[in-house]
Amino acid sequence: MIPDRSEPQATNAEWRLCELVDALAAELDCVADTLSLKSHARGSALSVQKLGLDLKVDVRVDERGVPIFRTVEPGRETCATLLKLDLGQVFRSQLEEVRKPLDDDSDGRPLSSIPDIAPAEVEALERLGIFTIDDLVRYLGSSSRISEVARRTGISEARLRRWVGLPFLSTIDRATALPEESVALLGGNLGAVRPATGRVIVGDREAEVISWTDRRIEIRLPVEGRAAIWIDFGTLRTNVLDWRPAPVDLRLRDLHTVEVEPVAGEEIRFEAVLHNDSRRPSGPVEVRLETDGEPVVSWTEPSLAADEERRLQGKGKLGAGSYTVLWIVDPDEQVDLLDRNAARGEQLLTVFSAARCEVVASTDTPRPTAGQNVRCTFAVKAGHSRLASVPLGDRYDPELFEFLGAEPAPDERDAGRLVWNDLGAMAAGTWREVVATFACKPIQSARRTRHTARAEGARDGQGNILRPAEAALEIVILPNLGDLAPPEVVERLAWIDVTTVAALAVATVEQLMAAKFTIEEAEHWIREAQIALGSEGGPRTEIVAKRKRPHG
């Protein structure tokens, strides 16, 4: 019957290549039946030896990665894809070489009937042409095929082997085990009793078997370090597990240099502490110091025992400048480390120019009295090299001094701090001075204090930073006599030219009695002066009371 072309055409649905081949195979079966009848009627053999087919199709790949086709609509002139099929005859002898006979007792259930298989795993196997459990068994006929299917599908060998009833290993417990300690191999289909041919191979050695069950085999490790583990049954073996003992936990800390202010061209001693926080020795390990990817120094440390802490020491030289020194333990990754970040560290380092400067501090009044003005001179001297810039700072105690002025005036001033940002360029061997004046604030007892003048951040002619230089100016401020005694006492002491606390502290009772003081009063004020001066005012003078003998 010729179809009526006026009837609505069916929707042009998408199809998969396997569906097209199945449809062609069904049509070829019908053709074979027709040719068989004609051959019988005509007395001659008729068959299809080869079939060629060209299809104009549109193709896309679905979310599972499977190509999907749609036949191009009639009347469309252009097409991006031309699908060519060239089907030839496969002889029975060839068919028997690649598959089992179709009439045997095989398991034709779909893969989805496997209890724990995931849909994504079913799709991955179907992309290889594996649709039934029987297909899976035939594909997994050897260890090499199992490995290839695992590689192409991303399904572990252990799962593939379990699905078809082959012995397999899934994992190893106790990754922290050491040589001669026991570990357990977990898997399945291993046999309830150890077979005579069953051997556990670790690397290239046979391991001692402690216990054997169908799902768990306990062995004693015969080797140290990474090795392949599998079970050899003679004619059959399991998949291979990669034995990697617990990584070494090396931790780096306390990075520093012995030289607090290293100078260019001089040897710098780098130090750090390395701790092996593991149950096993680390083995020899390289330590490398780098700046901007360039090595400074490297050396190899002998193996660290379990829980050993060791001080690392390396020596190197650097030019003037600022650096980030990177410490790297095992830079070439020869040791299996737990945390490589813990075995690394950064150290900020400034290497100063070989040029030098000197700071000198002096004052015209090293022992001023409260209320008195003090003039301090801070001088900077260039060494044997020209200096491009020289900043200077002075730190003092704002509770004891009040800043009055300086020549030149400071660029910055805070409570207890004066800063001159740049005293200017200096030729080699020249001096530059700063003079600052301060008023001593009232105090009740002598105070020892200091001014600290520091040239930090000076640069040489090439712009490199010099090592800081500083000088400390020691000053002892004495209390004012008027702050120690009332005016009438001060006035009476002036009669005998005792006008300072220091003078009163070394006076004698006899001197004070000449100013109309009683013995008790003289002893009291001398003692008060000595207490006010204390150890800061100089050695203490013992009071010697020279009492007059009574007349008669």
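**View 1. The side chain of Arg280 reaches the backbone oxygen of Ala246 at 2.9 Å.** A polar contact pairs N or O atoms within 3.5 Å; within protein, one must be able to donate a hydrogen and the other to accept it, and residues adjacent in sequence count only if both atoms are side-chain atoms. This is a predicted model, in which local features need pLDDT of at least 70, side-chain atom pairs count only at pLDDT 80 or more, and totals for chains, interfaces and linings use all residues. Residues are numbered from 1 along each chain as its sequence is written, and side-chain values use heavy atoms, with hydrogens and water left out. Arg280 sits in the loop between strand S13 (268-276) and strand S14 (285-291). Helices (H or I, at least four residues) and strands (E, at least two) are DSSP runs, numbered from the N terminus. Arg280 counts as buried, at 15% relative accessibility. Buried means under 20% relative accessible area, exposed over 50%, and partly exposed in between (1.4 Å probe, protein chains only). Not counting residues up to four places away in sequence, Arg280 touches Leu178, Pro245, Ala246, Pro247, Val248 and Ala306. A contact here is heavy atoms within 4.5 Å.

**View 2. Glu301 makes a side-chain polar contact with Arg310.** The two side chains are 3.1 Å apart in this contact. Glu301 belongs to strand S15 (residues 294-301). Glu301 is buried, with a relative accessible area of 10%. Leaving aside neighbours within four places in sequence, Glu301 is in contact with Pro284, Val285, Val287, Arg310 and Leu312.

**View 3. Helix H3 (residues 119-126) has buried residues on the same side.** Which residues of H3 are buried? They are Glu121, Val122, Ala124 and Leu125. These residues cover an arc of only 165° around the axis, so they lie on the same side of H3. The arc is that of the directions from the helix axis to the C-beta atoms. The buried residues pack against helix H4 (133-139), helix H5 (143-153) and helix H6 (157-163). The face turned away from the buried side carries the exposed residues Pro119 and Ala120.

**View 4. The largest nonpolar core has 36 residues.** Such a core is a set of buried Ala, Val, Leu, Ile, Met, Phe, Trp, Tyr and Cys residues joined through side-chain atoms within 4.5 Å. Val380, Leu392, Phe401 and Phe438 have the most contacts inside this core. Several strands each supply at least two of its residues, among them S20 (373-382), S23 (401-407) and S26 (431-440). Phe438 touches residues including Cys376, Phe401, Leu404, Leu418 and His451, not counting those up to four places away in sequence.

**View 5. Cys376 is in no disulfide.** A disulfide is a pair of cysteine sulfur atoms within 2.5 Å. The structure holds zero disulfides. The cysteine sulfur nearest to that of Cys376 belongs to Cys440, 8.7 Å away.

**View 6. Residues 1-6 have pLDDT below 50.** pLDDT is the predictor's confidence in each residue, from 0 to 100. The protein averages a pLDDT of 86, and 90% of the residues score at least 70. Residues 1-6 have zero contacts in the model beyond near neighbours in sequence. Residues 539-552 also have pLDDT below 50, but this stretch has 22 contacts beyond near neighbours in sequence.
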